[in-house]
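Hi,

Here is the structure I promised to pass on.

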Amino acid sequence: TREHLALLFQSCLERYGDKSALRYHAAGRWHDMSWKELGEKIDSIAKGLLELGVKEGEMVGIYSANRPEWTIADLAAMRIRAVPVPIYPTSTTKQAEYIVDDAGVRVLFVGGREQYEKARSLRRCELVIFDPATPRDPSDGSRYFHELLEMGRKAERDAEVASRLERARPDDLATLIYTSGTTGVPKGVMLDHANLVRAFPPHDIRLRDLGLGEDDRSLCFLPLSHVFERCWTFYALSRGMTNCYLENPAEVIEAVKEVRPTVMCVVPRLYEKVYAEVRRRQEAASPIRQRLFRWAIAVGAEEARHRREALPMPLVLRLKHRIADALVLRKIRAIVGGSLRFSPCAGAPLAREIEDFFAAAGLFLCQGYGLTETCATVSCYEPTHYRPGTVGKPLPGIEVKTGDSGEILVKGPSVMRGYYKKPAETAAAFVDGWLRTGDAGTVDEDGTITITERLKDLMKTSGGKYVAPQHIESDLGTDPFIDQSTVIGDRRNYVTALLVLSFAALEKWARDRGLAFASRQELLDRPEVLHLYRERIDAHNAQLARYEQIKKFTLLAKEFSVDAGEVTPTLKTRRSQVLATYRNVIEAMYAQTT
């Protein structure tokens, strides 16, 4: 019966009491919330939802950026056997409306002014506003979170909450999480409480040697509306860690210096940016500093190899590493707070070059693989004896094999029950009881998984050659002069690319050479810049087969954005939207003579 998050967290409240559960930034400083205070707020919001008439099994939406109220509302809804339905804070009114309608959301928690203004037009559910500074219109029936909190405190609903908890079962629907929809219409993934809770012990086994627990601080900056950060938050809190909430993910580099997290979930984009900035600084450094840097990284790489393979550390290597760490390596770690010892990394491919670099600096980027449909983690690295460039081995209890076209298939206790109100899509998602992931890859004899490509993204040139664009885009992500890229080539006779430039690096490069420019576009049009990028693309091409090489490219002054629908809220490229937006630009690259 404990396989229910509401019951699990009830036992956590009793175990941890006065220990800090949540940390958040307000009024210019960081504040702590104890487990005792967290429990009181969860209980009060649960009773407030009962006052609003929320029934068992009814849907409660959460449309907000990360903040403590997000988790309080989430766990409060589960406490009365309601079903939380997250909506990305950056979602448009149309996207939010689709989820509210499809799920039949009864009460909708909104973060601040942006979400409130979008949600007001829905008029289909009661609104509760997290941010007390957001102006509201009393005529729309909305109320503030603190008002619902007080309503719950005054309500005599304890017996009803207790009664619902007694009826809590592992197969209760825990949440609906709508896929971000890189292809087609978003689908509501149904995860029950057993799916979520049974995912915790396999993580304990896999991460046992790291000793994660009550002394750890996890920085929660990826959207809680995504399965990765939300499931990690459940796990981190259930193991007594302090969860630190960052509302604006763009402020992560500043926040890590203040929070000094020991654990932090990331997508590769963060480390790509940090790596590009470190490389940019190094290219501008003196020859002596460059040599020192290369030496330190080489020493760090050798030390990392010994740690990864659990080999005895030679005394000479220990001494050299101590010097390298003092002069260079700890400064790299300081960029992400200086205390980070474990960083789950998933969502997109991370270039091996970047992974090796941070391993040399002493950061364990624990590569993993998972889906919304599997409560996030399917596989991840073990603390030792893992193979860089892969996504590790399946967690204990999860089975993985390959099917047709090399598709990764998954079976296990964390696999979803299906898509909400979509029986045909649910049936299509399984083959003989195995979940079809839509990802192509290989599974070695020792169980190690390597992901090669999203099957739907795999391109076939007009010459019949298969090209994996994510592999090329991942390599381009290591370039300090390239911020984003989309590779094109499906049914074409050669490969091209759209390149969003890193203007911080490019503008410095131009100023150092005395190149005048009045705007970004003017800078892009300079022949020297085109020559620079041709040289850089040629260098990347040297690592590729001839049919994979980028023959033509277009430099873009505007980045791909969530608002334009070109990337998902977790920064995955919506390839179809990018191709549609830049259709004329792409056609021009193929119209030119080769």
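This is a predicted model: local features need pLDDT of at least 70, side-chain atom pairs count only at pLDDT 80 or more; totals for chains, interfaces and linings use all residues.

Residues are numbered from 1 along each chain as its sequence is written, and side-chain values use heavy atoms, with hydrogens and water left out.

The protein chain has 22 helices and 27 strands (DSSP runs: H or I of at least four residues for helices, E of at least two for strands, numbered from the N terminus). Its radius of gyration is 25 Å, close to the 25 Å from the globule rule for 594 residues, so the chain is as compact as a globular protein of that length (C-alpha atoms only; the rule is 2.2 Å times the number of residues to the power 0.38).

Of the 594 residues, 57% are buried, meaning under 20% relative accessible area with a 1.4 Å probe, protein chains only. Taking contacts (heavy atoms within 4.5 Å) between residues at least 6 apart in sequence, 65% join residues at least 24 apart.

Now for helix α5, residues 113-120: Q115, Y116, K118 and A119 are its buried residues. They span an arc of only 170° around the axis, which puts them on the same side of α5 (the arc uses directions from the helix axis to the C-beta atoms). The buried residues of α5 pack against β3 (59-63), α4 (93-103), β5 (105-110) and β6 (126-129).

Cheers

Key
Buried means under 20% relative accessible area, exposed over 50%, partly exposed in between (1.4 Å probe, protein chains only).
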